[in-house]
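Below is a short note on the aromatic side chains of this entry. Please read the points with the structure open.

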Amino acid sequence: FIAVLDLVMFWHSSNIIRRALSNATSRLPVLTFFTKKNGPCSLCDDAKEILKKYDSLFVYEEKYIDIPENKEWFEKYKYHIPVIHLDGQFLMRHRVDERLLKEALRTKNPKTID
């Protein structure tokens, strides 16, 4: 009986580990889009339009560089919006390079893009 119980516990824990690994490998990367809250930004509008095609492949986060709590980002990117980071790493600025975006997303999760 103890051997059977051990086997059931092993099977149960291995399923938990398998599920955890599956969730870890299928986690979507976070795409951070740096823009300005005030004023028009046609490059930002163009970039957002392109990003919509891939929005199921990342978690979208928008940061406004022109609000007081983001002063650090304003100093860094005031002349370069939009700026895109993927999982906290700089990826591109001004215009979306779709080839680079696909490559970066594929690197984060090879199953996401054909």
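1. Tyr60 is partly exposed, with a relative accessible area of 38%. The model is a predicted one, and the points that follow should be read as computed from it.

2. The ring of Tyr60 pairs with that of Phe33. Their centres are 6.1 Å apart and the planes make an angle of 35 degrees, so the pair counts as tilted. Phe33 lies in strand S1 (residues 30-35) and Tyr60 in strand S2 (residues 59-64); the two are 27 residues apart, and the pair links distant parts of the chain.

3. The partners fall on either side of the burial cut-off. Phe33 has a relative accessible area of 0% and is buried, because buried means under 20%; Tyr60, at 38%, is partly exposed.

4. A second tilted pair is made by Phe34 and Tyr77, with 5.3 Å between ring centres and 55 degrees between planes. This pair also links distant parts of the chain: Phe34 belongs to strand S1 and Tyr77 to helix H3 (residues 71-77), 43 residues apart.

5. Phe34 is buried at 1% relative accessibility, and Tyr77 is buried with a relative accessible area of 7%.

6. The structure holds 4 aromatic pairs, among them Phe33 with Tyr60 and Phe34 with Tyr77.

Terms used:
Residues numbered from 1 in each chain as written. Predicted model: local features only at pLDDT ≥ 70, side-chain atom pairs only at ≥ 80, totals over all residues. Heavy atoms only, no water. Phe/Tyr/Trp six-rings, centres within 6.5 Å; stacked < 30°, edge-to-face > 60°. Helix = DSSP H or I, 4+ residues; strand = E, 2+ residues; numbered from the N terminus. Buried < 20%, exposed > 50% of the residue type's maximum accessible area, 1.4 Å probe, protein only.
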